[in-house]
Amino acid sequence: MNGKYRVIALDMDGTALNDEKRMGERTKAAIHRALAVGKEVIFCTGRSYAEMEETLEEFPDMHYLCGESGAMVYDLQKKRPVRVISIPLEERRKLWKAVQGRDIMPQLFSDGRCIINASQLYQTEYFQIGVYQKAFEKVCTLTENVKQISLETANAEKINLYHTSPAQREETFRLLSEQNLALTMVYSEISSLECSPLGLSKASGLQAVCEVMGISLGEVIMVGDADNDMEALKAAGLAVAMGNANERVKAVCDVQVADNNHDGCAEAIEHYFLKEGQE
């Protein structure tokens, strides 16, 4: 495997971050070590740039972010997007019509920002995402009407729909599927539904990074734990499942490391990216 892998891409929630949404010191040290020897480490996440900004400040040598499930690829050194893909306006209109009257908490990703309704800021527990309360308070842009903003803005890269239960999420998925919307829909968290432009995934986001770097996806290691990582894991040269990954993820991966509370990401970097003889 000497010199085979040029990039390691790390999912954030459930992967690089532990259950308390913190990155372990061993994982931080492994990332710094990889960057110091000229390897590329990329966070490949469903999070927006705004949600990642504080973490990225710890890694000033990092070159790219694959954010918003691949909808925004960002050049961190030039401080500008490499690529931004938005949900077409007509599909946004259809989405809102289909979910009208449902008990959901929407989150809009637009130009790297995450936007939520001010009235729902403190309802995260109700919508099964209480672990993100502090982060939402810190980085989310508040508005009176997410739906209206999403219909007025030029860019709407992703819309997350948070539900009170997995059953409610399944019902929303059914309603949207019946409309034949040109969307990619993926389950995440306990009862969240991510809606992105059709054909978009973390894999397509990583492909955009590879094109800029002049390499192939075969030279990328992807580390993940959830359904929204699946396409990237399938496309990567080496697919690494976290110990806490669901069974669907484990089934498509080549190897498995420790869980997110025991620095599985550090293990992936140390054993498969910086293994003796690869540096």
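Guide: Start with Ile-31. Leaving aside residues up to four places away in sequence, Ile-31 touches Leu-10, Met-23, Val-41, Phe-43, Phe-59, Met-62 and Ile-269. Keep in mind that this is a predicted model.

Ile-31 belongs to the largest nonpolar core, which has 34 residues. Within that core, Ile-31 and Phe-43 touch the most other members. Two or more residues come from each of S1, H1, S2, helix H2 (49–56), strand S4 (72–75), S12, S13 and H10. H10 gives the most, with 6 residues. There is also a second, separate core of 26 residues, and Val-7, Ala-208, Ala-232 and Ala-239 are among them.

Now follow H10, residues 264–273. Of its 10 residues, 7 are buried. They are Gly-264, Cys-265, Ala-266, Ala-268, Ile-269, Tyr-272 and Phe-273. An α-helix has 3.6 residues a turn, so residues three or four places apart point the same way. The cover over the buried residues of H10 includes strand S1 (7–10), helix H1 (25–36) and strand S2 (40–44). It also includes strand S12 (220–224), strand S13 (238–241) and strand S14 (255–256).

Strand S3 (residues 64–67) runs antiparallel to S4, joined by 4 bridges. Cys-66 stands opposite Val-73 there. The S3–S4 hairpin has 4 residues between its strands, and Glu-68 in the turn has a positive phi of about 55°. Strand S5 (residues 80–84) is also antiparallel to S4, again over 4 bridges. Here Met-72 faces Val-84 as its opposite residue. S4 and S5 form a hairpin with 4 residues between them, where Lys-79 in the turn has a positive phi of about 55°.

Elsewhere, 6 strands make an open sheet of mixed pairing, ordered S8-S7-S6-S9-S11-S10. Its edges are strand S8 (141–143) and strand S10 (183–188). Neighbouring strands are turned by 25° against each other on average, direction ignored. Helix H3 (residues 89–98) packs on this sheet and touches S6, strand S9 (158–162), S10 and strand S11 (192–197). The direction of H3 makes about 10° with that of S9.

Technical notes. Residues are numbered from 1 along each chain as its sequence is written. This is a predicted model: local features need pLDDT of at least 70, side-chain atom pairs count only at pLDDT 80 or more; totals for chains, interfaces and linings use all residues. Side-chain values use heavy atoms; hydrogens and water are left out. Buried means under 20% relative accessible area, exposed over 50%, partly exposed in between (1.4 Å probe, protein chains only). Contact means heavy atoms within 4.5 Å. A nonpolar core is a set of buried Ala, Val, Leu, Ile, Met, Phe, Trp, Tyr and Cys residues joined through side-chain atoms within 4.5 Å. Two strands pair if DSSP finds at least two bridges between them. Axes are lines fitted to C-alpha atoms, for helices over the stretch in contact, and angles run from 0 to 180 degrees between N-to-C directions.
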